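Dear colleague,

I am handing over the structure below, and after it you will find an account of what turned up in it.

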Amino acid sequence: MTGFLSDLVQYQGLVQMITVLGIGGTFQIGFQISTITYMSQHVKAFINETWLERYGYPIHQDNLLFLWSITVSIFGIGGLLGSSGSRYLTVKYGKKKCLLCNNLLMIVAASIMGCSKIARSFEMILIGRFMCGISAGLCVPLHHQYVGEISPRKLRGFANSTSSFFWSLGKAVGQISGQRELLGSQSLWPMLMASCGLPALVQLVTLPFFPESPPYLLMHKGDQEGCKKAIRQLWGEGHHQAEIDDIMKEKATMKNTKILSVLELMKEPAFRWQLYMIVILTATVQLCGINAIYFYTFEVLQAAGFDERMISYMTLSVGLSELVAAVVCSSIIERLGRKVLLRGGYWIMGSLLAGITVTLSLQDWYFWMPYCSLCLIILFAVVFGVGPAGATVSIRVEIFKLSCRPPAFVISAVLNWLGVFVIGTTFPFIVERLKHFCFLIFMGVLFTSGIIIHLFLPETKGKSIVEITEEFNKLNFKKKRIPTTPNHVTEDYTFCTREMATFFSDLVQFRGLFQMILVLGIGGSFPYGFHISVINYPSVHIRKFINETWIERHGSPLHPETIMLLWSFIVSVYGIGGFLGSLFCGYLTTKYRKKKCQMCTNLIMLVAALFMAFSKTAKSFEMILVGRFLYGIGTGFSLNIHPQYVGEISPKKLRGFTNSTVAVFLTLGKLTGQVIGLREILGSEALWPWLLASSGLSALVQLVTLPFFPDSPSYLLIQKGNEEACRKAIRKLWGEGDHQAEIDDIMKEKAAMTSTKTLRVVEVIKERSLRWQLYILMTVMTTLQLCGINAIYFYSFEVFHTAKFEEYLIPYVSLGVGLCECLSSILCSTLIDRFGRKVLLWGGYTLMCSVLALLTMTLSLQHQFFWMHYFSVILIFLFVIFYGIGPSGATISIMVEIFSQSFRPSAFLIVGCINWMGLFVLGMIFPLIVDNLGPFCFLIFLAILALSAIFIYLYLPETKGKSIMEIKAEFNKLNFGKKETSVTENKFPREELFCTKL
């Protein structure tokens, strides 16, 4: 608070000038946009009366509507002309002089409109609106550039974001002034039109007392003394040499560089990506749906049953919300940065538009739905104000040098005014044809823009223009090239060749590792995926077999409810076995090592397969129960051992890839189960026992091949203390080469674990240094269970039925869903070491959340529109793809990497318990949830995904390319606070001392 008040006093000149610029800048366009709607009835009545007086008959309604639309849209045409001329005028006369002349133009326009009723001339309104457009077209780019140039680097984001604040303030003032109790009445509407001259008059009187921008004075006028004087007037007395040095650096880079024209800027390769960004940002502001939101507010409030007189006041709340949000944006933009506000704002707005589409579609079904729509509309306006509204202006000012800024703002303004004109013309037709589904267009634009901003826009917070230009040069000229490099084609070819050569080199060097990954996967997570999918196909045959067996034994058929009970027990006993297997896995792997336990697991799976294979021959459905139970125990073991084993045998640079193969084999198991479960292969009545027994084949393959591979290097060195065996295992898995750095990391982990025994589950839960690791573990594991993937598979059959797919084709279409998940998991394994685990997790959660929102809407409306179920099919495939690329692979990687060797068995025991209990509980309650909520069950999963995405984004440190000790140090900042950076072996006295200090 002291710092804020101190800045307020020191920079009082800057704050005053920002206020003056805002009043005559973006305030005007916000005011013009909002006031025109309040006087529409009065102006149309005035045109009709004037026409009647002149010609003796009333004007035709179509002509009246045409004249009114010209009155509205001519403002955009004027704005386009004004912005087109702004570059030439600012370069020739300076920004200050142009703004002062612009105020005179606005005052003349206000006078013409104010006298239109007295003169009985509606043409004066047209002329006045046209002149207002020209003035607004000039003042908006001038305001943006001027305010960006007069602010110091540390307040640049705040200063730039004030333009959106004044825009919102203009809207709010226009909405207030337009009320019938003020200037929106039949007699006072000319005064409402003319009131735009008042802020122009204020700026005309006050602006001469403020200086030109310091960069303009130093770079264009060469007046260093004038620049310093302007800085002192705006920023107060103090040491501002660093800022002057930045301007001098920019001036040095601009030596012999003239102010570019628009065409020259568009041709210049050094500004290609800056132009892409300015086009994307301007187009997104126009196509984000904010105008559609204001349009639908009236309709929503009418549907909610509010009194007609109250609606205009309630609409005002949307404008005020946007105004308050713009104030919040100006206060947080320097803390969070521009990129975060843009990207986050776009994605949240996209999600809100999905929600608004759902609520508007269902507002006639439930009485409370219009209130939900109103809340979402206000939230949308708030998010728009906090994020894109302010950050867009800041980015546009910061990414261009002074020599390029005028033509860049001409391009931006031309796009903006063209957008105003085109959208104003086409929007009514879009709304008429698509109704509230028009929001889906804006939603698509927002999500696409969010992804582009995330991938390509560099953060500009706290950087000089030279530093920002260097960031963009990496995009404009590729990473290793500068503008003067002539042989860019050769360099690109060399870079690609080097990447390909590295890939094949790794494939040869690490062939032992890849072979072991394959062996571990076949007997690891593969059976889990296989058993989940394969059990659905023989369900009819098994129930029939149970009934036939019972008749042979007892001479009477079983009651259908008893058959269903036995069938549900066959399905769920697998989960009970898995729970028991994972429960004892931690103890057994610690005592007998992972390799030996995995081989014993294969024997259990083979015994289970034999029970399954001979159950029909022996006429015993109890053998199916025993086999499923043994399969569960075996899978409980292997699903625990596989991620730990595969994580411990991989080098640091391939750890993300190897960990994500767990998800690849799991989805491959699902896919294999779907393929061989088809009636043409093993899904027939005669062959179903062999279908259930086929899982033994993968166990047999692993049992035969695994003895030829070593134990994990970290196990051999840390727990066995056998350094020679560790080196031998590394050579076998990673090939010949210098692997000393990896061995040193294992030695550091061993040193940190000196006199530390392998902890039990209760000890791990109590251990303070593992608190946040456990929070993350439980979050990602619970989210994996409750992300809605099971609900998606459940609903896929219903959606395919509704989409009129033939009955015999549905299993094959479902197979396509499984294939998508498998391919996306493979894609995840190639992306995880490039993008990192954190991005794939929170990004995947966010995208899945958006798809679920849309799927809820399409499933709710699939009986109203024949084409809606096709959208549902597409969304199901998209959800599965996002699940496979993101959380499916990244979750396993995170679980392995955040725990050291001594804590991993107990941590995975907790994971196993959560997983199998979740599987059992979901299997019991999911049918009830679907029965009661229908497609709205997805909203539960949507909320879980949204909360998990926020939690992961805020608290999970990135683990890519870090050793276990580095990851541990990151978590210690959360577990012990910032001052506690590491926990040594003498951890208990250190913790006591830390607490004493507190």
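How does R120 count by its relative accessibility: buried, partly exposed or exposed? At 27% relative accessibility, R120 counts as partly exposed, where buried means under 20% relative accessible area, exposed over 50% and partly exposed in between, with a 1.4 Å probe and protein chains only.

Please bear in mind that this is a predicted model, in which local features need pLDDT of at least 70 and side-chain atom pairs count only at pLDDT 80 or more, while totals for chains, interfaces and linings use all residues. Residues are numbered from 1 along each chain as its sequence is written, and side-chain values use heavy atoms, with hydrogens and water left out.

Salt bridges

The whole structure holds 12 salt bridges, each being a side-chain nitrogen of Lys or Arg within 4 Å of a carboxyl oxygen of Asp or Glu. In one of them the side chain of R120 meets that of E53, at 2.8 Å from N to O. This pair links distant parts of the chain, since R120 sits in the loop between α7 (116-119) and α8 whereas E53 belongs to helix α4 (residues 40-55), 67 residues apart; helices here are DSSP runs (H or I, at least four residues) numbered from the N terminus. E53 is exposed, with a relative accessible area of 54%.

R54 and E123 also meet in a salt bridge, again with a value of 2.8 Å from N to O. Because R54 lies in helix α4 and E123 in helix α8, the pair ties together parts that are 69 residues apart in sequence. R54 is partly exposed at 37% relative accessibility, and E123 is partly exposed at 30%.

Helix packing

Helix α6 (residues 95-114) packs against helix α8 (residues 123-149) at an angle of about 155 degrees, with the axes 8 Å apart, the axes being lines fitted to C-alpha atoms over the stretch in contact and the angles running from 0 to 180 degrees between N-to-C directions. That makes α6 roughly antiparallel to α8, a term used for angles over 145 degrees.

A buried helix

Nine of the 10 residues of helix α27 (residues 525-534) are buried, so this helix is largely enclosed by the rest of the structure. Among the buried residues of α27 are F526, Y528, F530 and H531.

With kind regards

How values were computed
Helices (H or I, at least four residues) and strands (E, at least two) are DSSP runs, numbered from the N terminus. Angles under 35 degrees count as roughly parallel, over 145 as roughly antiparallel, 65 to 115 as roughly perpendicular and the rest as oblique.
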